[in-house]
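This report describes one protein model for a reader who is new to structures. Please look at the sequence and the 3D view before reading on.

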Amino acid sequence: MTQSLYSPEFERDSCGFGLIAQLDNQASHYIVATAISSLARLTHRGAVAADGKTGDGCGLLLQMPEGFFRAIAAETGLTLGRRFGIGQFFLPMDESAATPIRDRLGHEAADLGLALAGWRPVPTDPDACGAEALAALPSVWQAFLNLPADGDIDAHERLLYRLRRRLEKRFAGTEGFFAVTCSSQVIGYKGLVMPERLPDFYPDLRDSRCASALVTYHQRFSTNTWPEWRLCQPFRMLAHNGELNTVQGNRIWARAREAQLATPLLPMAEVLPAVGGGSDSFSLDNMLELLVQGGMDFFKALRLLVPPAWHNFPHMDPELRAFYEYHSMRMEAWDGPAGLVLNTGRIAACALDRNGLRPARYVITKERILNIASEVGVFDYDHRDILVQGRVGPGQVIAVNMHSGEFLDTAAIDARIKASHPYRQWLESHAVHLDADDAEGQPAMAVGDLLSSEKAFGVSFEEEDQVIRVLAEGGQEAVGSMGDDTPVAVLSTQPRHIADYFRQQFAQVTNPPIDPLREALVMSLNTVFGAESNLFEERPEFARRIEVHSPILSDQTFRALTSRSEAQFRARTFDLTYSAADNTLEGAIEALSMAALDAVRHGDVILVLSDHALDRDRLYIPALMAVGAVHHALIEAGLRTRCNLIVATAHARDPHHFATLFGYGATAVYPYLSYAIIRSLRERHAFSQPVTEQKALENYRKGIDKGLYKILSKMGIATLASYRSSQLFEALGLDRRVVERCFQGTVSRIGGASFAHIENDIRGLVRDAFLPRKALPVGGLLKYVSGGEYHAYHPEVVRSLQHAVKTGRYGDYQVFSGLVNQRPVTNLRDLLQLRPAQAIPIDEVEPIEAITPRFDTAAMSLGALSPEAHEALAIAMNTIGGRSNSGEGGEDPARYHNNKVSKIKQIASGRFGVTPEYAVNAEELQIKVAQGAKPGEGGQLPGHKVTGIIARLRYAKEGVALISPPPHHDIYSIEDLAQLIFDLKQVNPSAYVSVKLVSEAGVGTIAAGVAKAYADRITIAGYDGGTGASPLSSVKYAGSPWELGLAETQATLRRNHLRHRVRLQADGGFKTGLDVVKGALLGAESFGFGTAPMIALGCKYLRICHLNNCATGIATQDETLRKHFTGLPEMVINYFRFVAQETRELMAGLGIRRFDDLVGATGHLQVGGAQTSKQEHLDLRPLLFNAALQNADSNIHTLDRNPPFDHGELAERMVADAMPALERRIATHLHYPIRNVNRSIGARLAGEIARRYGNNGLAEDCVQVDFQGTAGQSFGAFCVQGMRMRLHGDANDYVGKAMNGGTLIIAPPEGVTYASQDSAIVGNTCLYGATGGRLYAAGRAGERFAVRNSGAIAVIEGAGDHACEYMTGGQVVVLGEPGVNFGAGMTGGLAFVWDRQRQFPDLVNGELVNYHRIDTEAMAGYEGLLRRHVEAHIAATKSRHAQDLLQHWAEFLRDVWLVAPKAARLDVLLEEAS
Amino acid sequence: MSHFSFIEGPRKDPEKLDAEQRRHEFRELYTGFDLGSARLQADRCLHCGNPYCEWKCPVHNYIPNWLQLIVENRIEEAAAMSHETNTLPEICGRICPQDRLCEGACTLNDGYGAVTIGHLERFITEEAIGRGWHPEAPRRTANGKRVAVIGAGPAGLGCADILNRAGTEVLVFDRYPAVGGLLTFGIPPFKLEKAVIARRAQLLEDMGVRFQLNTEIGKDLSMTQLLADYDAVFLGMGTYAAKEGGFPGENLPGVIKALPYLIGNVRQLMDLPDPFTPFVDLAGKRVVVLGGGDTAMDCLRTAIRQGAVQVTCAYRRDEENMPGSRREVANAREEGVHFLFNRQPLEILGEDSVAGVRLVETRLGDPDPRGRRHPEMVAGSEQVLAADVVIIAFGFDPSPAPWFAEHGIHLDERGRVVTNAQFQTSNPRVFAGGDMRTGSDLVVTAVDEGRRAANGILDYLGV
């Protein structure tokens, strides 16, 4: 436990990466030099520390430059043998610490039969380092090791590996010691410097003798700036761009498997534990290395760790599928966004995660040089010298065998691994598949006394009705609105479910959530039973496992699993109940763990943990605590992978309950009480539709499955196997002892409920359970119920606020603020009190008018709100100098330039209505990374809310539902966020760019990353915020209190000297001046208010916003209801002025005159006011740590803006060159060369045009710009009418992002030899959020082409996966092969696809679209349309491929599909498109 | 069923008897809902995140929940849920001033018409019983404890219900010949027909509650005896001392007190005459009722039904501030009652019997610090209202029994029984609740008191 809320485990990193290889293995210094210059051209993907000089780290991994080291050895008098290896070490600067390490190496080397030829101090130049890097500067040393004469390369590498492991284990705790590499095949050079300074720091790299045929390189962007030399990449084998979301689970499983590992090649005891901490990438490198050194084939190991999606690909080659299935039984995937480059000296490889969330582009030149990197164009070549130009797709691997010169594509690699054993045959003869949906029979565990069981396990009528029933009825979770206004579990006076103490973690910024609905094909809940086997062996009988498709067991499956006769599936049940008289909760858990260990030692495999035997006089161990404790005890004893844990529990009812059980190690869950409740509901005719028992139970399981998908995807995790045991929760309010015993390794920052508290709650529940006079509690967790859980917006609070804003009397406001400020403890801040101080007269405090500009209203879209309510908020905020937030949904241009304008304009994942004109009419552009009500999730505006005006503003169709994806498809990593911020600053340089994050453990380090990505402002939202509609389990269980997130962020930013660069805002449940003062003391300079101003306008907190039937006329588009809206801007103004006045009074009480002096002054707070024993048990001191922070940054922002290091010179030049003509609307034509470092080209100009002429005010093609070369990311972003940009060369990701008009043309320069339709010409996520304009690209596009396009017309010659995802308008022509999942979530627009391979039906996602042939007479109109597009494409790009197609038109037409939304009528669609 | 039911279908009360017909009958005004209209009306509920109805309801009925169950035609479950918070739901559904409570707080009351909660509450139990449902008898064997309940009114019944459900042996004593207290003898049958209470009494008996009627504690049976025979005693004896106006002429013949008048009338109708509360027939009389509460309304409308020729209500505040249910005021008006607001009585005039009432006009003064506005007399606005009979309906004060002191049951300065939060009096084995503890209040409040007191008793008895 650290003193503050920051912890190193929260660190995240991401980056740019690459690989360069001479395919004939001809070493040269050119390769090394080019790697370095390429790295320098990826600088914008890394980050620069506050000192402006320290990078987040970069490095090279070189195929051993043997000649260079022989020369060096000769120069320094070291004798090298025929074979040698080099250990590259970071050693402590302090010689007294370094000497023992060097000595030890000599001893260990000798012991292993290696001969230490000597040490070389590696020349380094500290001048290349910034101050922060220098603070941790190591000395770099090379150990020259002569290898034994016998043995092959692999044997030698193993010896060097063992040597390294011995040293690493021996000096694990030694500060400053790190083994960079220790190998005869590769050597790593890395450091905390900017890429171009790397050869300055290591003169070796500039030495022309330093020649290599293969180098991998990496540029890091870390969310914090702690100087960590060791975490620079590449590691020993790989460099990684992305983030492994599952790493915590992977590490736990790696440890759990250790006892089972055995290979004759390695003494396991010597190398284990092999998987260390550090970063996620480091752990993956450790694991891969262990597998390879242990004898596993390199490609098998790679595919085992990072497999492609295969579960939902029925068309996959069955032999290959069998390989993946067999191995999926042995290890879970290391899952998350991953672009990997690998270098063993002998093999060069690049691999992508299953969802292709990182870019990897490659070229092979005529000199047979292969370059793969995050971006294309990172080294200088002539396009005419390119042989092949491509990209690595989702789940793909490409590799080069450096010895044979063979280039291996995915198919070749797959062919190799699938043929190594007859996996399919092994599976067919051994694996057992249980069908999860067998007919229901009798319950496997019947519930005798349902009412008592419900009461004992805390089921309420509300839960029965709103959660379980809804799931059983529709197979979907219920939806609610207006967030969560109840106390978190530990603050509550009610007994709460143990899972309530856990907040789900979710992906934000450094990693993306997945869309589990539209990208379902990567997801799987497949679950395997039976003991695991030694990873280093592959034997047929290892396939003897039982597989089920879902871990939610039906009665039938549960019975089948627990009653098998074979010894390898022997089951045993453990009772989770215990005698209240004879034992304590803690004792019972201890006994249970011992019993489980004993059973596994005696050969039991399927352990059933059951609380079914509960009765009066007995208590129970909450299943979650039981499973967590047993799981860890088994790992500790090396037994975990020999058994499975089935939890048969009454405690698993909603998706979160299940997720926590899996997160803490459960293999499968049998929710017998939920089943009994569903059966009873059915008997009581509680279902609105008649449904059979079997169907109801199936629905329930399906609903839980979906809920699990959602929770997994929120963390960006695709498979349950990888989620299991990943512990992706923050414990909020659990005592350290409880965490250590049951939830080891979980973050629990403020202590809380102890075993005694939990047991006491259970005792009360069980006592009442058997008291007949106690009825089933009605509930009150979701909605207010008298006598139930406290709600911060209970009826009286709402009424008193509405009264006060109407009368305008401060006295009436004080009735409201009194109710709030003296409420029972509800939020963490209620336990923080203002310390008495010397008061000053209130006249000395700055006036109300100085305070209200710190107030913003939280993002609420027009769509969520009625136009009347939305405008009332805007007018009110503009009047008091604050800002209202447009929310996600565009804004009517009629509101620009007057007091109805929303000064904050939001950029959310749906990019609805985000046009150049929208962007330039903002004072602040807010990127909503997550929202409090449902972080990590997307949303949907149902069709009935999409009225005419909303459709117009969002570029959509009236009545057609609109989907907001869970991720921003252009933010899969922190450097992507930096790019989006750059885009926005280019289009509107005068706007502040803010980033909205949701509080969770580690949000402070994410915020640090965001500050380094050049955001000007950061908002930390709490779980309690949020007005939007959201599934209930997201409302209740995701996100943590802003108090924690804010305090952590304040301290982390200050510690990293970043605080002065960003303004910090808090958001979530703010109601009174006291809230504001406490928020300020914890570090906030401004405040977001969501619900309170709504209530001031007349919202009665009905929580029915998602139904469009808001009776107060606020959250509705219904004409009739909107007439009932009685809110006035004055009410909102009154409210905020009251809050400001109360703030002033409190400031006077604290003796503070200026608000700035409040910010971060945690010394004015003290802990107190606990009303329950649990509350007393909390330790909130870490929240108050800020004031004591030494040598840290200022408490407030002192820079108005946080300008990017990239000044966008080319863009500025373009504006300067175009401006004279532009001002006078005279046509002009400009020419420029372009390189990958020129980013967002066009956006700056587009902003200037939109500012003067709006979206449509400038004549077509007024400004024409030609470019030659490779464009950086976001080429043509925000392109607007009047612009025509032609690029001869190629482009990277995000081409045409948010474009609204104009034309973009990208074509290979004349004279190239490669075929355009086989080559990648633009990167991923092009045309994201485009609302108009045209794009012609003569080549293939990457993943997610035209995602959320709502108006652009595009012609391309091939597409990656997920093309046209969520498209709502526009037209896309794909004159080449498309990828999988075409048209997912597509509700508007149309696409033509040339399907020469005739496999489109397998590729399209048919949920929302149909596909039609167009070679019939009836479709002649469409044929004409297509022809016009092809002709326009040829005219623009001169594509030979397109010309060929046109010449063979009839033939071509036979293989064309028209893809159209099911909701659209073909005749209307054609009319609109023509 | 749709999310827009509340605008698609307006609020609609069940059919009401025609006013002309009502004037002559002591029958309930409202026919009940049929299932179809009940479901339509229940479906208007918005299921607010903040159920203001439930919050405002003294027993915090789970109103949105049972409305939903009505929509789903799960009437038996609705009835069970309704009984979880209320012992007498069908009675409260009839006589609660919903327009000041649940329906007044209903979100839809702003501009759409509140959900007809009262009638639906009544409907649930009526429909469920019609389907053969009845409240569940205790499921467990007796807990071995015996508790005596004094008073078979709302508080006593509420208390007995909960005690009985917990397996306690309960005997309810009442001095009247029928169960119900004022429900039976005070409230006129046009609001609450006596068969409804009789049926409720039967339901309670079927569940195991026993009644001993015609038994006045302190007269027919001593408290000492009760304390000897029972583990605990609950007092739910109400407030019976009529408040006086304190002006001249109050003792004139023809000035009568509201409660004896109402009781006499009911006893006459039930054929249970009693010399202490004789039947008073106001046929052909000019009647003035002083007061503005529900009791006043009951008197006015009883007088109409008895054939009084002129029936006038004189109340000292305006209509807005009158405590009586607006619905009952409206019904009274329809039936021919004449209302005089802002009139304060100064004197009842007459030689040997009432001849009239001298009134003065009032207006509401400025709000006091708590926001309440008190009437002030308007100088020079006196007037005389001719009358044959004046009924005083100013409310009730506590009427503590003489034996309280002897058993250590303490009272506050206003004569109310003092208890702790568990409803325990200063005699640890004696508990109390309802009007005698709170002062005169609503039926539903008394029910709630009795039920909560029962839990206090059970906790005290450790069962």
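## Salt bridges and the model

A salt bridge is a side-chain nitrogen of Lys or Arg within 4 Å of a carboxyl oxygen of Asp or Glu. Over all chains, the structure holds 140 salt bridges.

This is a predicted model, in which local features need pLDDT of at least 70, side-chain atom pairs count only at pLDDT 80 or more, and totals for chains, interfaces and linings use all residues. Residues are numbered from 1 along each chain as its sequence is written, chains are lettered from A and ligands numbered from 1 in the order in which they are written, and side-chain values use heavy atoms, with hydrogens and water left out.

## Where chain B meets chain A

Contact means heavy atoms within 4.5 Å. By this rule, 37 residues of chain B are in contact with 41 residues of chain A. Buried area is the accessible area (1.4 Å probe) that two parts lose on being put together, summed over both. For chain B and chain A the figure is about 3300 Å², with 56% of it on carbon and sulfur atoms.

A polar contact is a pair of N or O atoms within 3.5 Å; within protein, one must be able to donate a hydrogen and the other to accept it, and residues adjacent in sequence count only if both atoms are side-chain atoms. Across the interface of chain B and chain A, 15 residue pairs are in polar contact (both at pLDDT 80 or more). Helices (H or I, at least four residues) and strands (E, at least two) are DSSP runs, numbered from the N terminus. On the side of chain B that touches chain A, α1 (5-8), α4 (52-56), α5 (63-71), α6 (75-85) and α18 (443-461) of chain B each supply at least two residues. The largest share, four residues, comes from α4(B). The residues of this side of chain B divide into 16 nonpolar, 10 polar and 11 charged. In this grouping, Ala, Val, Leu, Ile, Met, Phe, Trp, Tyr, Cys and Pro count as nonpolar, Asp, Glu, Lys and Arg as charged, and the others, Gly among them, as polar.

## Domains of chain B

Domain bounds come from an automatic or database domain assignment. For chain B, the assignment gives domain 1 (5-130), domain 2 (146-240 + 397-461) and domain 3 (244-394). The C-alpha centres of domain 1 and domain 2 of chain B lie 27 Å apart, and the contact takes 25 residues from each of these two domains. Domain 1 and domain 2 of chain B bury about 2100 Å² between them, of which carbon and sulfur atoms give 65%. Of the area that domain 1 buries against domain 2, Thr87(B), Leu88(B) and Ile95(B) supply 28%, more than any other three residues.

Two salt bridges cross the interface of domain 1 and domain 2 of chain B. The side chains of Arg199(B) and Glu126(B) also meet in a salt bridge, at 2.7 Å from N to O.

## A buried helix

Buried means under 20% relative accessible area, exposed over 50%, and partly exposed in between (1.4 Å probe, protein chains only). Eight of the 11 residues of α6(B) are buried, so this helix is largely enclosed by the rest of the structure. Among them are Ile75(B), Met81(B) and His83(B).

## Three salt bridges in detail

Lys300(A) forms a salt bridge with Glu538(A), the closest N and O atoms being 2.7 Å apart. Lys300(A) is in helix α10 (residues 298-305) of chain A, while Glu538(A) is in the loop between β20 (527-529) and β21 (546-548) of chain A, 238 residues apart. Lys300(A) counts as buried, at 8% relative accessibility, and Glu538(A) is partly exposed, with a relative accessible area of 21%.

Arg469(A) lies in helix α15 (residues 461-474) of chain A and Glu72(B) in the loop between α5 and α6 of chain B, so this pair joins two chains. The closest N and O atoms of their salt bridge are 2.7 Å apart, and both residues are buried.

Asp298(B) and Lys191(B) meet through their side chains in a salt bridge of 2.9 Å, N to O. Asp298(B) counts as buried at 5% relative accessibility, as does Lys191(B) at 8%.
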